[in-house]
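Let's take a walk through this model, one feature at a time. Have the sequence and the structure open as you read.

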Amino acid sequence: MRTAIFAALALVLATPRAAHADASLGGFIGDPTGIDLKLGVERRGALDILVGSSDYHDFGGALYGHLTYLVTPFIGRGESVLVPLRVGIGGAFFDHATAGDDRFDIGVRFPLEVAIRFRTAPLEIYGEIALLVTFLRPDDNIDLTSLQGGIGVRFYF
């Protein structure tokens, strides 16, 4: 299963992008915690991919990943920063099962993200809150809905 996840990530990375699109790599701390890759696919749209752990208390224990399409309907413009507001929809997979169990929970997530992107540096600091609705859950102890959130940093290249 993990091989298929990494193969899908490699396929997304190998997909050609438009000349105006930008990409970033960074980290996110909270629920979830992990490596964050954002790929611009159109002027105000991007794919956000995160692979890591379901929270920072259990990093390396409970596998988590999401693929989210983000839209930027509004960008505040300051003298030295841009403040984009992003909303999105995506899918998530995560493992809350006990050790040795390969069952994954699957859900859909609806994030709201606010960022501060510096004009003079390829850096962005952002906060995100997301509603996660779990629709495939082999472990009956998982709630159907939950809130995710945290802060992250992205470096653009």
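Threonine 33 sits in strand 2, which covers residues 33–42. Keep in mind that we're looking at a predicted model here. With a relative accessible area of 9%, threonine 33 is buried, because anything under 20% counts that way. Its side chain has a polar atom 2.8 Å from the backbone oxygen of glycine 30.

The chain averages a pLDDT of 83, and 74% of its residues get to 70 or more.

## Salt bridges

How many salt bridges does the structure hold? There are eight. One of them pairs the side chains of aspartate 22 and arginine 117, with N and O 3.1 Å apart. Aspartate 22 comes from the loop between helix 1 (2–14) and strand 1 (23–31), while arginine 117 belongs to strand 6 (residues 105–118), so this bridge ties together parts that are 95 residues apart in sequence. As for solvent, aspartate 22 is partly exposed at 24% relative accessibility, and arginine 117 is partly exposed too, at 23%.

Next up is aspartate 48, which bridges to arginine 154 with the closest N and O atoms 3.5 Å apart. Aspartate 48 is in strand 3 (residues 45–53) and arginine 154 in strand 8 (residues 145–156), so the two link parts that are 106 residues apart in sequence. Buried or exposed, where do aspartate 48 and arginine 154 fall? Both are buried.

## A buried pair and its network

Arginine 86 and glutamate 113 also meet through their side chains in a salt bridge, at 2.6 Å from N to O. Here strand 5 (residues 81–94) supplies arginine 86 and strand 6 supplies glutamate 113, so the pair ties together parts that are 27 residues apart in sequence. Arginine 86 counts as buried, at 5% relative accessibility. Glutamate 113 is buried as well, at 0%.

Now put the pieces together. Asp48, Arg154, Arg86 and Glu113 are among the members of a salt-bridge network that also includes Asp36 and Glu124.

## A nonpolar patch on the surface

Over on the surface, which residues form a nonpolar patch? They are Val71, Val87, Ile89, Phe110, Leu112, Ile129, Leu131 and Leu147, and together they have about 650 Å² of accessible area. Strand 5, strand 6 and strand 7 (123–136) each provide at least two of the patch residues.

Two members are worth a look. Leucine 131 is in strand 7 and is partly exposed, with a relative accessible area of 36%. Isoleucine 89 is in strand 5 and is also partly exposed, at 46% relative accessibility.

Leaving out residues up to four places away in sequence, isoleucine 89 touches Thr68, Tyr69, Val108, Arg109, Phe110 and Pro111. Take arginine 109: isoleucine 89 is 20 residues from it in sequence, yet their C-alpha atoms are 5.7 Å apart in space. Phe110, another of the residues that isoleucine 89 touches, is itself part of the nonpolar patch.

Definitions and conventions. Residues numbered from 1 in each chain as written. Predicted model: local features only at pLDDT ≥ 70, side-chain atom pairs only at ≥ 80, totals over all residues. Heavy atoms only, no water. Salt bridge = Lys/Arg side-chain N within 4 Å of Asp/Glu carboxyl O. Helix = DSSP H or I, 4+ residues; strand = E, 2+ residues; numbered from the N terminus. Buried < 20%, exposed > 50% of the residue type's maximum accessible area, 1.4 Å probe, protein only. pLDDT = per-residue confidence, 0-100. Polar contact = N/O pair within 3.5 Å; in protein donor to acceptor, adjacent residues only side chain to side chain. Patch = residues over 30% accessible without salt bridge, like charges linked within 9 Å, V, L, I, M, F, W, Y side chains within 5 Å. Areas by Shrake-Rupley, 256 points an atom, 1.4 Å probe, with all protein chains shown as cover. Contact = heavy atoms within 4.5 Å.
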